[in-house]
Structure formats: C-alpha cells, structure tokens
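Here's a friendly walk through one structure, meant for someone meeting it for the first time. Have a look, then read on.

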Amino acid sequence: MPSPYANLMAEAREWARIASTAQRKGYALACFEALAPADQAAFLLHIGARAAA
C-alpha cells in the first residue's frame, strides 16, 4: 500500500529544491516549532540517526 504522504513529500522536496536558503531555514524552524514535543524529539532522533550513518 503506498504511503499517504508520498505526494506530500514529493511536493515538499520540489518546493525545497527551488526555495532560497533563507526560505528553507525559516520554514524548517517554523515547522519544527509547530510540532508537538514528542514529534520534535522523534524528528531529532531521526536527524541524529541520519547524521551518524
């Protein structure tokens, strides 16, 4: 079964490809701050795991 977020992620990646660095930084921080604390922690674990790989 395809992921319900497949199109969303494709759209987000396309936007990020054409956005300026300032836009990417601003939206990234705003989105992170809008996450629930548990989602923020999960995101940080995800990023940490990718950095370690």
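A salt bridge here means a side-chain nitrogen of Lys or Arg within 4 Å of a carboxyl oxygen of Asp or Glu. By that rule, the count comes to one salt bridge. Before going further, a word on the source: this is a predicted model, where local features need pLDDT of at least 70, side-chain atom pairs count only at pLDDT 80 or more, and totals for chains, interfaces and linings use all residues. Residues are numbered from 1 along each chain as its sequence is written, and side-chain values use heavy atoms, with hydrogens and water left out.

The chain's mean pLDDT is 92, with 98% of its residues at 70 or more. Among the elements, helix 2 has the highest mean (98) and helix 3 the lowest (91). Helices are DSSP runs (H or I, at least four residues), numbered from the N terminus.

Back to that salt bridge: R17 pairs with E14, and their closest N and O atoms are 2.8 Å apart. Both sit in helix 1, three residues apart, so about one helical turn separates R17 and E14.

Which residues pair up through their rings, F32 and what else? Rings of Phe, Tyr and Trp (its six-membered ring) pair if their centres lie within 6.5 Å; planes under 30 degrees apart count as stacked, over 60 as edge-to-face and the rest as tilted. The whole structure holds two aromatic pairs. One of them joins F32 and F43, a tilted pair with 5.9 Å centre to centre and 55° between the planes. This pair links distant parts of the chain, with F32 in helix 2 and F43 in helix 3, eleven residues apart.

How open are these side chains to the outside? Buried means under 20% relative accessible area, exposed over 50%, and partly exposed in between (1.4 Å probe, protein chains only).

| Residue | Relative accessible area | Class |
|---|---|---|
| R17 | 59% | exposed |
| E14 | 39% | partly exposed |
| F32 | 24% | partly exposed |
| F43 | 38% | partly exposed |
| A53 | 89% | exposed |

A53 lies in the segment after helix 3. A53 and A42 are eleven residues apart in sequence, and their C-alpha atoms are 17 Å apart in space.

Finally, the lining of the largest pocket. A pocket is an open set of points on a 1 Å grid over the protein atoms alone, where a 1.4 Å probe fits, with protein on both sides within 12 Å along at least five of seven lines; lining residues have an atom within 4 Å of a point. Of its 15 lining residues, M9, A12, A28, C31 and F43 are the closest to its centre.

Note on methods
Helix = DSSP H or I, 4+ residues; strand = E, 2+ residues; numbered from the N terminus. pLDDT = per-residue confidence, 0-100.
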